[in-house]
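Welcome! Please take a look at the sequence and the model below, and then read on for a short tour.

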Amino acid sequence: PRSTLFPYTTLFRSPDAAVLTAFSQWIVGSQWLASVGGEYRVGSGSVAGAVQLPGAAPAAITDGEIVDLLFAGLADGTLPAPGTAPGDVLYQVYFPPRTVVTDGGDTSCVAFGGYHASARRAGVELSYAVLPSCPGFIAGQTDLEIRELVSSHELIESATDPIPSNHPAFQLEDPTSPWLALGDFLAERS
């Protein structure tokens, strides 16, 4: 396989933290990942760890503040280093229902149910997935099922396009095509 994914789950205090951590541990070694990732030569992995951040989650947070949070965790040792191959470690950041995430002009649970992106500072490149809680975002699913669906979607997208900001897996540049809207995206959204 091309690479092995090692998600590192970061959560704020949440009643479903244990369930989300268990889901992350299951999915990286699942038959689902082997099937969906097989044609992309994505191998199975493991969860390198889970951190529950102290204190209450913020009422609102921007993508830039999430990146600051991740790099602060790398600096103080709360989070492990991303490894030698960019994209081998995916930092999954789960937020509780009361936290509103914004990325540019887009708002969680309105424009997106989650996304993955990448960031680079001082020569360190990391891949991360932002996973807000969006009750009712997918009709007919429980809140936990929605979080698991969005998490699995972002996991496979980040496995196949781990560094979308600096090394996108694809980018369309044909100005005559309606697919042009897919070019220049810095993050893949669900």
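The report below covers the disulfide, a central strand, the nonpolar cores and the aromatic pairs.

## About the model

This is a predicted model, in which local features need pLDDT of at least 70 and side-chain atom pairs count only at pLDDT 80 or more, while totals for chains, interfaces and linings use all residues. Residues are numbered from 1 along each chain as its sequence is written, and side-chain values use heavy atoms, with hydrogens and water left out.

## The disulfide

A disulfide is a covalent bond between the sulfur atoms of two cysteines. Searching the whole structure gives 1 disulfide (a pair of cysteine sulfur atoms within 2.5 Å). Its partners are C109 and C134, with an S to S distance of 2.0 Å. The link of C109 and C134 is left-handed, with -80° about the S-S bond. C109 sits in the loop between β8 (106–107) and β9 (115–121), and C134 in the loop between β10 (124–131) and α4 (143–160), so the pair ties together parts that are 25 residues apart in sequence. Helices (H or I, at least four residues) and strands (E, at least two) are DSSP runs, numbered from the N terminus.

Are the two cysteines buried or exposed? Buried means under 20% relative accessible area, exposed over 50%, and partly exposed in between (1.4 Å probe, protein chains only). C109 is partly exposed at 32%, whereas C134 is buried at 3%.

## Strand β10 and its partners

Of the 8 residues of β10, 7 are buried, so this strand is largely enclosed by the rest of the structure. Two strands pair if DSSP finds at least two bridges between them. β10 pairs with β6 (residues 89–94) in the parallel sense over 5 bridges, and V93 stands opposite V130 in β10.

With β9, the pairing of β10 is antiparallel and spans 7 bridges; here R120 stands opposite E125. The hairpin of β9 and β10 has 2 residues between the strands, and A122 takes a positive phi near 50° there.

## The nonpolar cores

In soluble globular proteins, nonpolar side chains tend to be buried together. A nonpolar core is a set of buried Ala, Val, Leu, Ile, Met, Phe, Trp, Tyr and Cys residues joined through side-chain atoms within 4.5 Å. The largest one here has 23 residues, and those with the most contacts inside it include I66, F95 and Y128. Elements giving two or more residues to this core include β2 (6–12), α3 (63–76) and β10. α3 gives the most, with 4 residues.

A second, separate core has 14 residues, among them L20 and V150. Contact means heavy atoms within 4.5 Å. Leaving out residues up to four places away in sequence, S133 touches F95, P96, P97, C109 and R147. S133 is found in the loop between β10 and α4 and is buried, at 4% relative accessible area.

## Aromatic pairs

How many aromatic pairs does a search of the whole structure find? There are 3. Rings of Phe, Tyr and Trp (its six-membered ring) pair if their centres lie within 6.5 Å; planes under 30 degrees apart count as stacked, over 60 as edge-to-face and the rest as tilted. F12 and F95 are stacked, at 5.3 Å centre to centre and 25° between the planes. F12 lies in strand β2 and F95 in the loop between β6 and β7, so the pair ties together parts that are 83 residues apart in sequence. Both F12 and F95 are buried.

F112 and Y115 form an edge-to-face pair, with 5.1 Å centre to centre and 90° between the planes. F112 is buried at 0% relative accessibility, and Y115 is buried at 0% as well.
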